[in-house]
Amino acid sequence: MQIANESIWLESIVQLHDGYEVDAVARFTDRLLRLASSRLPNRLQQRVDPEDIVQSVFRSFFDRNSRGRFQFEQSPDVWRLLAAMTYRKVKKTIRHHGQQLRDVRREASTPSDFPTAQDDAPTASSWVVMMELLEGILEQIPETHQRIVRLRLDGHSIDEIAATVGVTSRTVDRALSLVRKVASEMMGDE
């Protein structure tokens, strides 16, 4: 019964049935708020409410979904996409509020609340989101490109990958560029 309900729910998103937005908000808001809150430094939460980030994620998601920008095979794909979009929007917010005159670190009080390079180390939950995102990306690209990505993640140079896979360095560059583009679209870069 659960699988049938999930299929019907996913179909409502893909087919843009009336009310799918309400269902998506009800289903994912709490988890997205927890994700945004966990990644947004306490000091910055005085300026930016995690709810604002989640609302922005839903706005971007619904806009892009209505234009057919997403394809979902299974209902967990929707969560992975929304989580990646939330993670990305939090990072953009941190970067935005860390720029010169807006820099929250310039305000009095404990600067330790603002992220440092150490804060960028992946947490267990962000690592899971990243791995799920990577799996989703790899499913959308040709097998040769998948091999190129895996070799690059293993630390091989462009020339080493080209020689191993039997393609030109330019082909390797194009494959990696495609992966960056797919990842950017999945994360909701605007």
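Predicted model: local features only at pLDDT ≥ 70, side-chain atom pairs only at ≥ 80, totals over all residues.
**Entry 1: H4 against H5**

I began with the general point that two packed helices are described by the angle between their axes and by the distance between those axes. For helix H4, residues 50-66, and helix H5, residues 76-97, I noted an angle of about 125 degrees, with the axes 9 Å apart. That angle makes H4 oblique to H5, because angles over 145 degrees would count as roughly antiparallel and those from 65 to 115 as roughly perpendicular. I also wrote down that the crossing of these two helices, H4 and H5, is right-handed.

Next I listed who makes the contact: H4 contributes Ile-53, Ser-56, Val-57, Phe-58, Ser-60, Phe-61 and Arg-64, while H5 contributes Val-78, Leu-81, Leu-82, Met-85, Thr-86, Lys-89, Val-90 and Thr-93. Sorted by class, the residues in this contact of H4 with H5 are nine nonpolar, four polar and two charged.

**Entry 2: H2 against H5**

I then turned to helix H2, residues 20-39, whose axis comes within 10 Å of the axis of H5 and crosses it at roughly 35 degrees. The crossing of H2 and H5 is right-handed.

On the H2 side I found Phe-28, Arg-31, Leu-32, Leu-35, Ala-36 and Arg-39, and these meet a set of H5 residues that includes Trp-79, Ala-83, Tyr-87, Lys-91 and Ile-94. Val-78, Leu-82, Thr-86 and Val-90 of H5 also belong to this contact with H2, and I had already written down these four residues for the contact with H4. By class, the contact of H2 with H5 divides into eleven nonpolar residues, one polar and three charged.

**Entry 3: H7 and what follows it**

Just after H7 I came to Gly-155, which takes a positive phi of about 95 degrees.

**Entry 4: Thr-164**

My last stop was Thr-164, which has its place in helix H8, residues 158-165.

Leaving aside neighbours within four places in sequence, I found Thr-164 in contact with Arg-147 and Leu-151. Leu-151 is 13 residues from Thr-164 in sequence, and their C-alpha atoms are 9.0 Å apart in space. Finally, I noted that a polar atom of the Thr-164 side chain lies 2.8 Å from the backbone oxygen of Glu-160.

Note on methods:
Residues numbered from 1 in each chain as written. Heavy atoms only, no water. Axes fitted to C-alpha atoms, helices over the stretch in contact; angles between N-to-C directions. Parallel < 35°, antiparallel > 145°, perpendicular 65-115°, else oblique. Left-handed = near helix turned anticlockwise from the far one by under 90°. Contact = heavy atoms within 4.5 Å. Nonpolar A, V, L, I, M, F, W, Y, C, P; charged D, E, K, R; others polar. Polar contact = N/O pair within 3.5 Å; in protein donor to acceptor, adjacent residues only side chain to side chain.
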